[in-house]
Amino acid sequence: MSSPTGPAPGLPVRMPRPRQSGRHRRPEPVAAPEGAPALVLAVPGAPAPAMRSLAEEVISIARSELPGLEVGIGYVEGDDAEYPTLATVVAGVAALRAERYEIALAAGREVAEPQGPAAVVVPLLVGPDNAQMRRIRQGVMDSGAVAELTDVLGPHPLLAEAVHVRLSEAGLARADRARLFTVATAADGIILATVGGEEAVQAAGITGMLLAARLAVPVMAAALDEEGSVAAIAEQLRGSGSVQLALAPYLVGPELPEGLLDSAAKDAGCATAEALGAYPAIGKLVLSQYATALGISQPQGTQQR
């Protein structure tokens with residue numbers, strides 16, 4: 001037991017760490033506000049173990065950036081058995097919030113009734129995809145809960161960085177921006193491949209300009225889900241002087257229909273990089289969308305848009 005003058009002998013004393021002074025002082029860590037809505041990641045595509053692992057890693061990155069964050073993962077094509085649907089997850093977090101409120105009242109605590117959305121739903125999509133967004137929006141509506149749906153993750157400079165890293169991992173681009181060493185297999189023309197039609201291609205083109213500035217090679221966007229689009233862009237790049245092309249998916253992965261990337265790469269006659277997957281920037285951008293929806297501080301490095 002503690003005495004009026006301090007803790008009882010033998011008990012550990014937690015001393016506050018002195019705040020670092022000066023211009024290079026570390027920012028104070030930001031935690032999720034008390035009673036904040038849950039972050040629910042809306043995962044498109046046919047569920048599979050690899051997809052679940054990817055989604056869990058993305059959510060883990062977001063939670064590491066904002067301690068205390070409550071999260072959920074809802075699958076657009078879920079089955080409510082192994083893979084819970086988006087509607088079920090959103091309804092579940094809303095029911096949990098209501099239950100906690102009732103428990104607090106029963107315990108005699110003075111608590112405010114929950115206000116605002118029970119969840120902020122963030123689509124695991126880097127670019128616009130009207131078909132997927134309709135399904136996500138329908139899932140939120142089917143939940144019967146009050147929830148806010150954010151925009152997709154891109155375009156954003158961090159996504160250009162992520163594509164660059166995936167290209168360098170495949171040996172198709174220099175890993176450094178300063179170009180201090182050469183890569184014999186580096187591409188001299190990049191096709192930024194997306195899905196979602198013309199709107200998605202236009203949005204990918206913005207990230208493509210950022211990527212072109214990083215690599216100092218031409219970058220053009222194409223739609224994987226439009227027949228002949230990738231091959232046509234490949235022909236255009238070769239016509240302007242590019243010889244060694246690379247196909248870079250501007251996709252997280254779950255939204256990419258199986259076999260579509262390989263087929264497009266074969267038609268265009270070029271090598272491919274991996275999809276973005278759980279690259280750290282994806283988790284940070286998911287959290288950034290959540291933070292923007294709530295008007296709270298965003299993690300460093302994601303504010304630029």
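Predicted model: local features only at pLDDT ≥ 70, side-chain atom pairs only at ≥ 80, totals over all residues.

Colleague: Let's start with helix H6. Which of its residues are buried?

Modeller: H6 covers residues 229–239. Ser229, Val230, Ile233, Ala234 and Leu237 are buried there.

Colleague: Where do those buried residues sit around the helix axis?

Modeller: Look down the axis of H6. The buried residues fall within an arc of 135°, so they line one face of the helix.

Colleague: Why does that kind of spacing work in a helix?

Modeller: An α-helix has 3.6 residues a turn, so residues three or four places apart point the same way.

Colleague: And what is exposed on the other side of H6?

Modeller: Glu235 and Gly239 are exposed there.

Colleague: What covers the buried residues of H6?

Modeller: The cover includes three strands, E5 (189–194), E6 (219–223) and E7 (245–249). Helix H7 (260–268) is also part of the cover.

Colleague: What follows H6?

Modeller: Gly241 does, and its phi is positive, near 115°.

Colleague: Which residues other than glycine have a positive phi?

Modeller: Asp80 is one of them, with phi near 60°. Ala216 is another, and its phi is also near 60°.

Colleague: Where are they in the chain?

Modeller: Asp80 is in the loop between strand E2 (71–75) and helix H2 (86–106). Ala216 is in the loop between helix H5 (198–215) and E6.

Colleague: How do you class Asp80, buried, partly exposed or exposed?

Modeller: Asp80 has a relative accessibility of 44%, so it counts as partly exposed. Ala216 has a relative accessible area of 56%, and the cut-off for exposed is over 50%, so Ala216 is exposed.

Colleague: What does Thr85 touch?

Modeller: Leaving out residues up to four places away in sequence, Thr85 touches Gly74, Tyr75, Gly78, Asp79 and Asp80.

Colleague: New topic. Where is Arg97, and what is it in contact with?

Modeller: Arg97 lies in helix H2. Apart from neighbours within four places in sequence, Arg97 is in contact with Gly35, Pro114, Gln115, Gly116, Pro117 and Ala118.

Colleague: What about cis peptide bonds, where is Pro155?

Modeller: A cis peptide bond joins Gly154 and Pro155, with omega about 0°. Pro155 is in the loop between strand E4 (147–149) and helix H4 (157–169).

Colleague: Last one. How many cavities of 30 Å³ or more does a search find?

Modeller: Two, over the whole structure. The second largest cavity holds about 50 Å³ of space.

Colleague: What lines the second largest cavity?

Modeller: Among the lining residues are Leu125, Val126, Pro128, Asp129, Tyr250 and Glu255. By class, the lining has six nonpolar, two polar and two charged residues.

Methods:
Residues numbered from 1 in each chain as written. Heavy atoms only, no water. Buried < 20%, exposed > 50% of the residue type's maximum accessible area, 1.4 Å probe, protein only. Helix = DSSP H or I, 4+ residues; strand = E, 2+ residues; numbered from the N terminus. Arc of directions from axis to C-beta. Contact = heavy atoms within 4.5 Å. 1 Å grid on protein atoms, 1.4 Å probe; cavity = no way out; pocket = protein on both sides within 12 Å on 5 of 7 lines; lining within 4 Å. Points joined across faces, edges and corners; volume = space filled by probe spheres on them. Nonpolar A, V, L, I, M, F, W, Y, C, P; charged D, E, K, R; others polar.
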